[in-house]
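Please load the model in your viewer and keep the selection tool at hand. The tour below moves from one selection to the next and says what is there at each stop.

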Amino acid sequence: MDETVATPDTQISDEHRELLDQVLDKWSLLILDRLCEQPRRFNELRRVIPAISQKSLTTALRRLERNGMVTRVVIDTRPIAVEYRISDFGQTLQDLVDSLLLWTSTHLADVTLARERFDAEHDQ
């Protein structure tokens, strides 16, 4: 099977897949969504995403920061605080994420039916 899928304008390369995996993974979507609402400190993010572990949040924030989607801001207070903000570049994902969520909401019932049919046929 061919590793890339050709379209008139582009091909899905290894680099495309790597970036999409990093942006669309389980925690990154939630983090980006919460940071689009407002800047947040680390512990605030842990509170609004209660299922995420400290290690997973740290890893995802570093990855998003490395990819330019999140900005880490050191606030000169006593004690020093760190705040995470969606970058202008990261903000460009908002419409795409909203579109994916709309698609999911629109087609969730269809997917549920397909899963039930599949499970019924394969649970023999």
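Select Arg17 and Asp14 to begin, whose side chains meet in a salt bridge with an N to O distance of 2.5 Å, a salt bridge being a side-chain nitrogen of Lys or Arg within 4 Å of a carboxyl oxygen of Asp or Glu. Because they are three residues apart in helix 1, Arg17 and Asp14 are separated by about one helical turn; helices (H or I, at least four residues) and strands (E, at least two) are DSSP runs, numbered from the N terminus. Arg17 counts as partly exposed, at 31% relative accessibility, where buried means under 20% relative accessible area, exposed over 50%, and partly exposed in between (1.4 Å probe, protein chains only).

This is a predicted model, in which local features need pLDDT of at least 70 and side-chain atom pairs count only at pLDDT 80 or more, while totals for chains, interfaces and linings use all residues. Residues are numbered from 1 along each chain as its sequence is written, and side-chain values use heavy atoms, with hydrogens and water left out.

The structure holds five salt bridges, and another of them is found by selecting Arg63 and Asp25, whose closest N and O atoms are 2.8 Å apart. Arg63 lies in helix 4 and Asp25 in the loop between helix 1 and helix 2, so the pair ties together parts that are 38 residues apart in sequence.

Return to helix 1 (residues 14–23) and pick Leu20, which is found there. With a relative accessible area of 46%, Leu20 is partly exposed, and together with Leu24 and Leu100 it makes a nonpolar surface patch of about 260 Å². Patches are made of residues with over 30% relative accessible area and no salt bridge, like charges being joined within 9 Å and nonpolar side chains (Val, Leu, Ile, Met, Phe, Trp, Tyr) within 5 Å; the accessible areas come from the Shrake-Rupley method with a 1.4 Å probe, and for residues, only the protein chains shown count as cover.

Select Ile31, Leu32, Leu35, Leu57, Leu61, Val70 and Tyr84, which are the residues with the most contacts inside the largest nonpolar core, a set of 19 residues. Helix 2, helix 3 (42–48), helix 4 (54–66) and strand 3 each supply at least two residues of this core. A nonpolar core is a set of buried Ala, Val, Leu, Ile, Met, Phe, Trp, Tyr and Cys residues joined through side-chain atoms within 4.5 Å. In soluble globular proteins, nonpolar side chains tend to be buried together.

Strand 2 (residues 70–75) and strand 3 (residues 81–86) pair over six bridges, where two strands pair if DSSP finds at least two bridges between them. Step along this pairing and you will find Thr71 opposite Arg85, Arg72 opposite Tyr84 and Ile75 opposite Ala81. On the other pairing, two bridges join strand 1 to strand 3, and Arg41 has Glu83 as its bridge partner.

Check the peptide bond from Arg78 to Pro79, which is cis, with omega near -10°.

Finish at Pro39, placed in the loop between helix 2 (26–37) and strand 1 (40–41) and partly exposed at 36% relative accessibility. Leaving aside neighbours within four places in sequence, Pro39 is in contact with Glu83, Tyr84 and Arg85, and its C-alpha atom is separated by 9.8 Å from that of Arg72, 33 residues apart along the chain.

Note on methods
Contact = heavy atoms within 4.5 Å.
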